[in-house]
Amino acid sequence: KLGIEAPKGVLIYGSPGTGKTLLAKAVASESDANFIHIAGPELVSKFVGESEERLRQIFKEAEENAPTIIFMDEIDAIAPKREEVNGEVERRMVSQLLTLMDGMKTRGKVIIIGATNRPNSIDQALRRPGRFDREIEIGVPDRNARKEILQIHTRQMPIYEKDNEDGKLIKEFANITHGYTGADLQSLAKEAAMKSLRRILPSIDLEEDIPAKVLDELRVTREDFFNAMKEI
């Protein structure tokens, strides 16, 4: 109706651990499109021309199985700034990627998502409209987001009831974990669970099965979360 094309490329950037790769996985599973995942460094080859050939092959495969999403993780490894790179391989890789993303040949129903935590080290030519049309920053989560992330990671966790009436414990830790990324919060929940396990370890004979009674009484407390915070 508007006579314009949808964006063909999206660049996701943000601090490590904010969920860039996770977001791409979620998009893949919900969109029912063919999904190709490229981790940056795996394309680089010591043989002349091989890296570019791999790239061409990936795009060819994507077109044949369209609609396709190509996800390039750590795209700064594939397309660093050409003026700052010493190696010839990297320069040719960038040129090849630019040509594939916006060459004379139409790309068909192929969308490219790039993810990086260093957007300023990517070649400028990639960031012009027509290649990566959209740039989305995924920031460090705010309080409400931290609360949701903690709820997800403590879903299966037997938290001590008195410490978590009406989700009190989750709210409290969402308030005090300012600056934590999603990965940090996942680590916090894991470490808190480990703390509760260490508490019952002395009463367990590791040679035998753990008694059901001990497992039923296993609870993660507010104190476990505080102790875990000291280490994350």
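Modeller: This is a predicted model. One place to begin is Leu-11, whose bridge partner in β5 is Glu-135.

Colleague: What makes β1 and β5 a pair?

Modeller: Two strands pair if there are at least two bridges between them. Strand β1 (residues 9-13) and β5 have 4 bridges, in the parallel sense, so they meet that cut-off.

Colleague: Which helices pack on the sheet?

Modeller: Helix α1 (residues 20-31) is one of them, touching β1, β2, β3 (68-73) and β4 (110-116). The direction of α1 makes about 170° with that of β3. Helix α2 (residues 50-64) also packs there, touching β2, β3 and β4, and its direction makes about 150° with that of β3.

Colleague: In what order do the strands of the open sheet run?

Modeller: The order of the 5 strands is β2-β3-β4-β1-β5, with parallel pairing.

Colleague: Why are β2 and β5 called edge strands?

Modeller: Because β2 (34-39) and β5 (134-137) each pair on one side only. From one strand to the next, the twist averages 20°.

Colleague: Which residues of α5 and α7 meet?

Modeller: From α5 they are Arg-146, Ile-149, Leu-150 and His-153; from α7, Gly-182, Leu-185, Gln-186, Leu-188 and Ala-189. By class, this contact has 5 nonpolar, 3 polar and 1 charged. Gly-182 goes with the polar residues because Gly is counted there.

Colleague: How do you know that α7 and α9 are oblique to each other?

Modeller: The axes of α7 and helix α9 (residues 222-229) cross at roughly 120° and come within 8 Å. Roughly perpendicular ends at 115 and roughly antiparallel needs over 145. The crossing at roughly 120° falls between these, and the two helices are therefore oblique. α7 passes α9 in a right-handed crossing.

Colleague: What makes up the contact of α7 with α9?

Modeller: On the α7 side it is Leu-188, Ala-189, Glu-191, Ala-192, Lys-195, Ser-196 and Arg-199. On the α9 side it is Asp-224, Phe-225, Asn-227, Ala-228 and Met-229. These residues divide into 6 nonpolar, 2 polar and 4 charged.

Notes
Residues are numbered from 1 along each chain as its sequence is written. This is a predicted model: local features need pLDDT of at least 70, side-chain atom pairs count only at pLDDT 80 or more; totals for chains, interfaces and linings use all residues. Side-chain values use heavy atoms; hydrogens and water are left out. Contact means heavy atoms within 4.5 Å. Axes are lines fitted to C-alpha atoms, for helices over the stretch in contact, and angles run from 0 to 180 degrees between N-to-C directions. Angles under 35 degrees count as roughly parallel, over 145 as roughly antiparallel, 65 to 115 as roughly perpendicular and the rest as oblique. A crossing is left-handed if the near helix is turned anticlockwise from the far one by less than a right angle, and right-handed if clockwise.
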